[in-house]
Amino acid sequence: MSEKKTFAEKIKSLTSSQLIIPVIALFILVVFNLIRDPGFFSLGIKVNNVGNRVLTGNLISILNGASELVILSIGMTLVTSATKGQDISIGACAAIAGSIFVKVLRSGQITVPSIFLGVIAACFVAVIFCLFNGLLIAKFNIQPMIASLILYTAGRPIAYWINGGATPNVESNLLGYLGGFIPGCPIPSPILIVIIFVLLILLLLKRTTLSLFIQSVGINERAAKQNGINPVFMKMLVFVILGVCVALAGSMNVCRIGLINHEKILLDIEMDAILAVAIGGNSLGGGKFRLAGSIIGAYIIQALTTTLYAMKVSSTDIKAYKAIVIVIIVVAGSPVVKEFVGKAVKKIPAKAVKAEGK
């Protein structure tokens, strides 16, 4: 009897786990692609236009293509947890950061130090703009989506003005350090940047009380304040981190395509970032969060996009198919469905005991 109870408790904890839905969704995508095309995840090596031997394949495309989304999903998760809302201006802020990055690169010869300087400048400017949103939210108690609507509307025109109303190009093999390949390394540099960035964020959250403080503010701001936590400071801090995420994503995207297009750079990325947070099982109402869930959610979105392209689905139809699948995933991870599954799981041991008694 005790063994059955232990088994039931394990099943219950598994079904109530925050990561169960995104992991299952990712597993289904993998199995579907393997059935549809056994070679979908095969890897190959080819020589690129610079003469370097690099890894190729759908798996690399998914990991590489989701890089900016993973970074922005991390920032969005922290903002959601602390403010109980979402910043919908991250795409526009990325356009501003990308414009600053390009302006720095075009001010002189493109070198590794100038690229590093460009990223620092982009971070500084992006943090200022994100702090503007943070100030409206933390100090004036404006709902996050409404507060960020200002930059969502004005951000891309500001990016356009920064470069004098133009869409300038930047050309250099050194841009591969952020958006392509590092000479001698077959793995795309955005994948390596994501790995390093995720490790740094995890180290920051694990080695400090930052994660606890952010979640405390999101769960109960008044109680957090009574326990010595400054809610305004914590909210401003998550927007500083978001600014760094935005600058890094914007700079990486500029290096990928070699120009800044204020209208199209990371267009609608904010919606995908919010979806990644939701698919990862994180509450959009703030509080507790799992970065692993948001990261998996970002890769699910990219894997779904890559799968649809592989199935020859037109680019105009992809958004509709993605919306259908994402609705299914989000509904499956909703509290109502989890509660229903939990109740069904509870009945399994009782039925097993009755059957054994008979």
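In the predicted model, the largest nonpolar core is made up of 92 residues. Val 70, Leu 72, Ile 74, Ile 90, Phe 101, Ile 214 and Val 246 are the members with the most contacts inside this core. The element that gives the most to the core is helix α12, spanning residues 231–257, which supplies 13 residues. In soluble globular proteins, nonpolar side chains tend to be buried together.

Attention now turns to how helices pack. Two packed helices are described by the angle between their axes and the distance between the axes. For helix α6 (residues 112–138) and helix α7 (residues 144–162), the axes come within 9 Å and cross at roughly 155°. Angles over 145 degrees count as roughly antiparallel, and α6 and α7 are therefore roughly antiparallel to each other. The crossing of α6 past α7 is right-handed. On the α6 side, the contact involves Phe 129, Phe 132, Asn 133, Leu 136 and Ile 137, which meet Pro 144, Ala 147, Ser 148, Ile 150, Leu 151 and Ile 158 of α7. Sorted by class, this contact contains nine nonpolar and two polar residues, with no charged ones.

A second pair consists of helix α3 (residues 58–65) and helix α14 (residues 291–310), whose axes come within 9 Å and cross at roughly 135°. That angle makes α3 oblique to α14. Here too the crossing is right-handed. From α3, Asn 58, Ser 61, Ile 62, Leu 63 and Gly 65 meet Tyr 299, Gln 302, Ala 303 and Thr 306 in α14. The contact of α3 with α14 comprises four nonpolar and five polar residues, and no charged residue.

Most residues other than glycine have a negative phi, and most peptide bonds are trans. Asn 141, by contrast, has a positive phi, near 55°. Asn 141 sits in the loop between α6 and α7, and its relative accessibility of 61% means that Asn 141 counts as exposed. Asp 268, also not a glycine, has a positive phi of about 65°. The loop that holds Asp 268 runs between α12 and α13 (269–279). With a relative accessibility of 29%, Asp 268 counts as partly exposed.

Technical notes
Residues are numbered from 1 along each chain as its sequence is written. This is a predicted model: local features need pLDDT of at least 70, side-chain atom pairs count only at pLDDT 80 or more; totals for chains, interfaces and linings use all residues. Side-chain values use heavy atoms; hydrogens and water are left out. A nonpolar core is a set of buried Ala, Val, Leu, Ile, Met, Phe, Trp, Tyr and Cys residues joined through side-chain atoms within 4.5 Å. Buried means under 20% relative accessible area, exposed over 50%, partly exposed in between (1.4 Å probe, protein chains only). Helices (H or I, at least four residues) and strands (E, at least two) are DSSP runs, numbered from the N terminus. Axes are lines fitted to C-alpha atoms, for helices over the stretch in contact, and angles run from 0 to 180 degrees between N-to-C directions. Angles under 35 degrees count as roughly parallel, over 145 as roughly antiparallel, 65 to 115 as roughly perpendicular and the rest as oblique. A crossing is left-handed if the near helix is turned anticlockwise from the far one by less than a right angle, and right-handed if clockwise. Contact means heavy atoms within 4.5 Å. Ala, Val, Leu, Ile, Met, Phe, Trp, Tyr, Cys and Pro count as nonpolar, Asp, Glu, Lys and Arg as charged, and the others, Gly among them, as polar.
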